[in-house]
Amino acid sequence: MRDVAIIGVKNTNFGEMWERSLRDIFVEAGVGALKDAGVAGENIGAMYVGNMSSGQFVDQEHVGALIADYSGLARNLHVPATRVEAACASGGLALRQGIMAVASGYEDIVVAAGVEKMTDISSSSASTALAAAADREWEGIMGATFPGLYAMIAKMHMDKYGTTSEQLAEVAIKNHFNGSMNPIAQYKNKISVEAVLRSIMVADPLHIFDCSPISDGASALVLAPADIAHKYTDTPIYIKATAQASDTIALHDRRDITTLDATVFAAKNAYKMAKLTPADIDLVEVHDCFTIAEICAIEDLGFAKKGQGGKVTQEGETAIGGRIPVNTSGGLKACGHPVGATGIKQAVEITQQLRGEAGKRQVDGAEIGMTHNVGGSGATAVIHILSRNR
Amino acid sequence: MSVSRFWRKQVNRYNLIGTHCSECDEYYYPPRNMCPTCRRDGKLEPYKFDGDGEIVTFTIIHTAAEGFEHQTPYVLAIVKLDKGPSLTSQIVADPAKMKIGMRVKPVFRKLGEGSDRGMIYYGTKFIPA
Ligand SMILES: CC(C)(COP(=O)(O)OP(=O)(O)OC[C@H]1O[C@@H](n2cnc3c(N)ncnc32)[C@H](O)[C@@H]1OP(=O)(O)O)[C@@H](O)C(=O)NCCC(=O)NCCS
Ligand SMILES: [Zn+2]
């Protein structure tokens, strides 16, 4: 198998963009990534596009071909484009598919991208669409919502480990603070513990400020065999590991409600593949669709002992400048969560950090970063480890 | 939500009928056609649970799913049946009195209304035992 590198990246702004369509935002991301890489359309072997639910959000399927067409890659170049879906982990899976295509030798230059346009429908319809990532027949039918499922994880984490609402709030506060330094973030306002605890209760104990928002956005990156990456860029970022795991679709069937076994399993494989341990990772983008999700993630990835995620967050260990900076982009919470784009956005953020191009949110001397993208309440997890050094 | 698609398992929802694997002696609810432990070697038969169990975790939903707006706030929980499996259901109880570990028993109730043609559908909820 060949080593693979990221040679170009681009995020659109994240947020509500009522004046722009799915194809508009995708083309901006795709063209931006190709420009960053200095690659022409003629060079592209294939595209993989993460997209959870354009059928429900904008009544459009067959998004791979649509996007190839509007990116100018279909009519003359006939570039194969494949849509990849695993709910909110769709982007992470698209990246993994792209890496495997290049590593195997089937393709040389590959675009891995993600896009979601969620704000064309009402937010209650969007919530219903998102609930399809859980078990509709045995969870959704009982009145479960996504915030509701993560609220049940939070409730049990609090009961078992003494995690507090204030500790959950600290995740949101940190991610809004990081988001305030990210030009593409949906929310750039700083918030306080009081503001989080005072905000509307969505599903007890999760307030609206514990939740990621409904967002539009697209992200894209360009992959190349590591051997030729220097032809395109002075700072290729190398893929050290790609790992993916599955677990039960319904939360009620999990071994332990407060542990995402898919994350634990994928992380184990990722560390093994990269020959690294959690102590080697300089920064990580985790799937904080809700504040409790970030707490579980840092525990399940090995950055905190089980049950200590809230405590280490409160103590500032996950802030920029702390022991292990988490979600420098602002995470899903503040940067926004256009579900299909999120997994790619995470890799774009880590790439910018490892290149030293993250501006005010730069983690000094970052060499190795990780991305962690989750589908549903934990039925899919996909993890990548990226490095400045091959 | 178009609940009408899920009529096939209505009987299981009404009567809490799941599955027992006589090969590994595990109980499953919701019902399964393949034992996750024994896979092809499993011997599955329908099993009717009495529904006694306890609260594993719960939440009080304030922002409802579509079709549940008129029920807020409502209690959603994971209930572990005494035979082993866990399921997601609503608890008909005072939200302020909810506790992890609380004993519950099943009741037959209206679950909700489908957004399509206002169809009403029924199933099992739980109440404090
Ligand atoms: C939490 C949630 C229900 C709020 O939706 P809503 O009640 O319809 O909120 P609205 O769109 O009416 O927004 C009301 C206000 O709150 C703000 N807001 C909405 N969601 C927010 C969030 N997550 N964080 C901070 N502010 C938020 C809006 O910007 C708006 O502010 P404004 O009045 O100044 O414009 C919705 O964001 C949600 O479902 N999030 C979870 C998404 C999800 O499940 N993703 C998949 C996870 S795997
Ligand atoms: Zn069995």
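Q: Hi! Which strands of chain A does helix α9 lie across?
A: Helix α9 (residues 261–274) of chain A lies across β8 (237–246), β10 and β11 (380–387) of chain A. The helix runs at about 145° to β8(A). Axes here are lines fitted to C-alpha atoms, for helices over the stretch in contact, and angles run from 0 to 180 degrees between N-to-C directions. Helices (H or I, at least four residues) and strands (E, at least two) are DSSP runs, numbered from the N terminus.

Q: Thanks! What should I know about the model and the numbering?
A: This is a predicted model, where local features need pLDDT of at least 70 and side-chain atom pairs count only at pLDDT 80 or more, while totals for chains, interfaces and linings use all residues. Residues are numbered from 1 along each chain as its sequence is written, and chains are lettered from A and ligands numbered from 1 in the order in which they are written.

Q: Back to the strands, then. What is their order in the sheet of 9?
A: The order is β3-β2-β4-β7-β1-β8-β11-β10-β9 (chain A), in an open sheet with mixed pairing. Two strands pair if DSSP finds at least two bridges between them.

Q: Which strands stand at the edges?
A: Those are β3 (81–84) and β9 (283–285) of chain A; each has a single partner strand, so one side of each lacks a neighbour in the sheet. On average, neighbouring strands of this sheet are turned by 25° against each other, direction ignored.

Q: How many bridges join β9(A) to β10?
A: There are 3 bridges between β9(A) and β10 (residues 368–375) of chain A, and the two run parallel. As for partners, L283(A) is bridged to G369(A) in β10(A).

Q: New topic: how is chain A divided into domains?
A: Domain 1 of chain A covers 4–122 + 215–237, and domain 2 covers 142–212 + 239–387. The bounds come from an automatic or database domain assignment.

Q: How many residues of domain 1 are in contact with domain 2?
A: In chain A, 38 residues of domain 1 are in contact with 34 residues of domain 2. Contact means that the C-beta atoms of two residues, placed from the backbone, lie within 7 Å. On the domain 1 side, α4(A) gives the largest share, 8 residues.

Q: And how many residues of chain A are in contact with chain B?
A: 30 residues of chain A are in contact with 29 residues of chain B. The largest share of the chain A side, 7 residues, comes from α6(A).
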